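Have the sequence and the model open side by side as you read.

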Amino acid sequence: MSLFLTLSLLGFVPLSLSHKTNGGYLYPQFYDHSCPKAQQIVKSVMAKAVAREVRMAASIMRLHFHDCFVKGCDGSILLDSSGSIISEKNSVPNRNSARGFDVVDEIKSAVEKECPHTVSCADILAIAARDSSVLTGGPSWEVPLGRRDSRGASLSGSNNNIPAPNNTFQTILTKFKLKGLNIVDLVALSGSHTIGDSRCTSFRQRLYNQSGNGRPDYSLDQSYAAKLRTRCPRSGGDQNLFFLDFVSPTKFDNSYFKNILASKGLLSSDQVLYTKNEASMDLVKQYAANNKLFFEQFAQSMIKMANISPLTGSRGEIRKNCRKVNG
């Protein structure tokens, strides 16, 4: 009898939510005995962090995404540079923009106090990403757990695997497919841009020189573009922040997709979902028309993304401090 069958007969693994990974299973009840209050602790620290600054919800969700796309969901993005480790925090996608590390530290120390050396940083990030959705009015889902933390980072992986705001639609889709995700996951997960901010430097080319001919991006609403130019000049102002969803920037909803239909997606990577591929265009329309459908798919795609190549069993470790490997 397989371990899985045994576990499911014992009732530990709801079939729909257990996820086979190389070397083991992730399942929502992983800490039920070893650290029953783990999820409660994550949620209470996250609630305080988001109350202090709503933007933190988007920042934590993005950390989880940038973690999972590099070597799998293994907490590698949280490591600082030390010894042989070159941190992913200095990669192009993360430099001057990845944030929320202090909140992860705060969660980790609270969890360590309750159950020392039990809950991984990778799992904390997966739970906190779900809480980020819930705390801003988005969907909830049961988070399969049991990930362990990596003992290394990959700067090159971070530079190469994470979709960039100016990548072509095909490049972005390819980067998703390489992680086992499909076009539905791409469009649904892009919907996380219903909250959070982006820097001028991430979309400037759309305002002035989209394809190297000195002209703005024709697929961007021109009155919206004029408004953006006031705070995103041709040079300077790189770090100026703009809402990704200007309609309801702090509420997790489907207005991101409605904005795209109105040619008001902020990033090129947002707008190309509508302009460059028929299947994704259709999905944008569906989610714009049906918030419930978007929420259901977002939750499914987040579970799927959080299942990219986790370390389980005896692989990896449970870090004591999310910023460094155990001594």
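Helices and strands here are DSSP runs, at least four residues long for a helix and at least two for a strand, numbered from the N terminus. With that in hand, keep in mind that what you're looking at is a predicted model. An unreviewed UniProt entry places the feature "domain: Plant heme peroxidase family profile" at residues 25-326. Over residues 25-326 the chain is 45% helix and 3% strand, and the end C-alpha atoms of that stretch sit 24 Å apart.

So how do the helices pack? Two packed helices are described by the angle between their axes and the distance between the axes. Start with helix H2 (residues 38-52) and helix H4 (residues 101-114), whose axes come within 9 Å and cross at roughly 150°. An angle over 145 degrees counts as roughly antiparallel, and H2 and H4 are therefore roughly antiparallel to each other. Their crossing is right-handed. On the H2 side, the contact takes in Ala 38, Ile 41, Val 42, Val 45, Met 46, Ala 49 and Arg 52; on the H4 side you'll find Val 103, Glu 106, Ile 107, Ala 110, Val 111 and Glu 114. Sorted by class, that contact has ten nonpolar, no polar and three charged residues.

The side chains of Arg 52 and Glu 106 form a salt bridge, with 3.3 Å from N to O. This pair links distant parts of the chain, as Arg 52 in helix H2 and Glu 106 in helix H4 are 54 residues apart. The structure holds 15 salt bridges.

Now move along to helix H7 (residues 169-177) and helix H8 (residues 183-190), which pack at an angle of about 105° with their axes 9 Å apart. H7 and H8 are therefore roughly perpendicular to each other. Phe 169, Ile 172, Leu 173 and Phe 176 in H7 touch Ile 183, Asp 185, Leu 186 and Leu 189 in H8. By class, that's seven nonpolar, no polar and one charged.

Last stop: helix H13 (residues 278-289) and helix H14 (residues 291-305). Their axes lie 5 Å apart, at an angle of about 115°. From H13, Gln 286, Tyr 287 and Ala 289 meet Asn 291, Leu 293, Phe 294 and Gln 297 of H14. The residues of this contact split into four nonpolar, three polar and no charged.

Notes. Residues numbered from 1 in each chain as written. Predicted model: local features only at pLDDT ≥ 70, side-chain atom pairs only at ≥ 80, totals over all residues. Heavy atoms only, no water. Axes fitted to C-alpha atoms, helices over the stretch in contact; angles between N-to-C directions. Parallel < 35°, antiparallel > 145°, perpendicular 65-115°, else oblique. Left-handed = near helix turned anticlockwise from the far one by under 90°. Contact = heavy atoms within 4.5 Å. Nonpolar A, V, L, I, M, F, W, Y, C, P; charged D, E, K, R; others polar. UniProt positions renumbered as here; feature names shortened; annotations may be inferred. Salt bridge = Lys/Arg side-chain N within 4 Å of Asp/Glu carboxyl O.
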